[in-house]
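Work through the exercises below with the model open. Try each task before reading its solution.

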Amino acid sequence: MAIGVFDSGVGGLTVHRELTRRFPTRDFIYLADQANAPYGGRGGEEIVDLTRAGCERLFQAGASVVVLACNTASAIALRRLQQTWLPSVRERLGRPVNVLGIIVPTIEAATGLPWSFEAERPQEGEKVAAIDITGVFSTAATAMSRVYEIEIDKRREDLAVFSEPCPGLAGLIELGAPAEELKTVVQDHVDALRRRIGRHPDKAILGCTHYEIVAPLFAAALPPETTLIHQPTAVADALERYFARHSDYVLGEGGRRDFLTTGAPGAQSGLVAQFWGAPLTFQPA
């Protein structure tokens, strides 16, 4: 059995690369739904349907655990799939399978607290000593879900969260847009968030895995004192803890790496090749 990694496009490769570093002997199958990318501007039911189809394809290919390396799918579809779809899949396949997201590990990294922790509400009139600001750069769908604002507030009342939707940025990265064009778009969104907050955030979450491909552009646009929270590392840490708790998953040890796409198979863009460190070719899903 393999570890599946799913995204609407190439952004999930940022998580995939870190996972393969952490689990070098494990078998991996990556699926990019490039025929329907990006997900950020789609409706909720459509995102659920597309995510379910992608997970089904990965289970058919032999995945035991599927990591949704997509913030939009994790925010909109994950809970529905876990609660209403996965039980029937386990029964049909007769083996343990699961779908995991990337938002929970990211929030744990942002708050420094486990997901199970919930803060006590302050008494009336009691003031919070200090407020740090966390900025979230994300797709429009993730921003509209308010998942980062809601879940971080449950755990840390001393953290204020502001989301900056970046419509179109994931699409530009997917298409391999020139660096100067991407630099301008990233700078515009960093400036927009700064104007809305009144200052730069203390921490910044790149709440779309596509954005990790251009993380150096975000780092350059933000001041040095703003800490970037990197989702790939947080997800790898969480998956390591997950497998330590679930010994019932028998995972392949051949180091297999399959890359599938619902879109046009073939070589990916120069931007992806530069990020990946070598040319990368997808096969038809």
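This is a predicted model: local features need pLDDT of at least 70, side-chain atom pairs count only at pLDDT 80 or more; totals for chains, interfaces and linings use all residues.

Residues are numbered from 1 along each chain as its sequence is written, and side-chain values use heavy atoms, with hydrogens and water left out.

**Exercise 1.** Determine how strand β2 is placed in the structure.

Solution. Strands are DSSP runs of E, at least two residues, and helices are runs of H or I, at least four, numbered from the N terminus. Buried means under 20% relative accessible area with a 1.4 Å probe, protein chains only. In β2 (residues 28–32), 5 of the 5 residues are buried, so the strand is largely enclosed by the rest of the structure. Next, take the side chains: Phe28, Tyr30 and Ala32 point one way, Ile29 and Leu31 the other.

**Exercise 2.** Find the strands that pair with β2.

Solution. Pairing takes at least two DSSP bridges between two strands. Strand β1 (residues 2–7) runs parallel to β2, with 5 bridges. Strand β9 (residues 257–261) is also parallel to β2, again with 5 bridges.

**Exercise 3.** List the contacts of Leu19.

Solution. Contact means heavy atoms within 4.5 Å. Skip neighbours within four places in sequence; Leu19 then contacts Val5, Phe28, Val67, Val235, Ala236 and Leu239.

How values were computed: Buried means under 20% relative accessible area, exposed over 50%, partly exposed in between (1.4 Å probe, protein chains only).
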